[in-house]
Amino acid sequence: SMFVDLKEKEWTLIFSTWAAQQTYDPNNKAALWGSFGYTPDKDVLRTPMKVEALPFSVDEMTISFLDVTKTGGRLAIMWEKTLASAAFTVAAK
C-alpha cells in the first residue's frame with residue numbers, strides 16, 4: 001500500500017505491506033480500509049517528498065512518474081496547485 005503523511009510543506013511518502021480491504025469489514029485487522037487503522041509497523045519505505053507550487057491547477061489527484069531515465073526518476077503526486085515528488089533509482093540486477 002502507498003500512503004502520504006501530509007504535514008505543511010513536509011510530506012513523507014510511505015510504502016507499506018498493509019493489505020487493502022476490498023469491502024469494509026471492521027473486524028478485519030489484517031487489512032485496511034483506506035488509511036483507517038494504519039500503523040507504521042508494516043512500513044518498508046519512508047522518504048521525504050519535495051513539495052512545490054504548480055503554476056496551474058490539477059482538478060483530479062494525479063500520480064505519475066517524472067524525469068524518467070534507465071536508472072531512475074521521480075514519483076510525483078499532483079493535486080490542486082501542489083506537486084510533491086520523491087526521487088528513486090532503479091536497482092541493478
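Trainee: Which residues make up the largest nonpolar core?

Mentor: This is a predicted model, in which local features need pLDDT of at least 70, side-chain atom pairs count only at pLDDT 80 or more, and totals for chains, interfaces and linings use all residues. Residues are numbered from 1 along each chain as its sequence is written, and side-chain values use heavy atoms, with hydrogens and water left out. A nonpolar core is a set of buried Ala, Val, Leu, Ile, Met, Phe, Trp, Tyr and Cys residues joined through side-chain atoms within 4.5 Å, where buried means under 20% relative accessible area, exposed over 50% and partly exposed in between (1.4 Å probe, protein chains only). The largest such core has 7 residues: W11, L13, M49, L75, I77, A84 and A86.

Trainee: Which strand supplies the largest share of this core?

Mentor: Strands are DSSP runs of E, at least two residues long, numbered from the N terminus. Strand 2 (11–16) and strand 6 (72–89) each supply at least two residues of the core. The largest share, 4 residues, comes from strand 6.

Trainee: Is I63 buried or partly exposed?

Mentor: I63 lies in strand 5 (residues 43–66). Because its relative accessibility is 43%, I63 counts as partly exposed.

Trainee: Is D43 buried or exposed?

Mentor: D43 is also placed in strand 5. Its relative accessibility is 18%, so D43 counts as buried.

Trainee: With which side chain does the side chain of D43 make a polar contact?

Mentor: A polar contact is a pair of N or O atoms within 3.5 Å; within protein, one must be able to donate a hydrogen and the other to accept it, and residues adjacent in sequence count only if both atoms are side-chain atoms. At 2.8 Å, the partner of the D43 side chain is the side chain of Y38.
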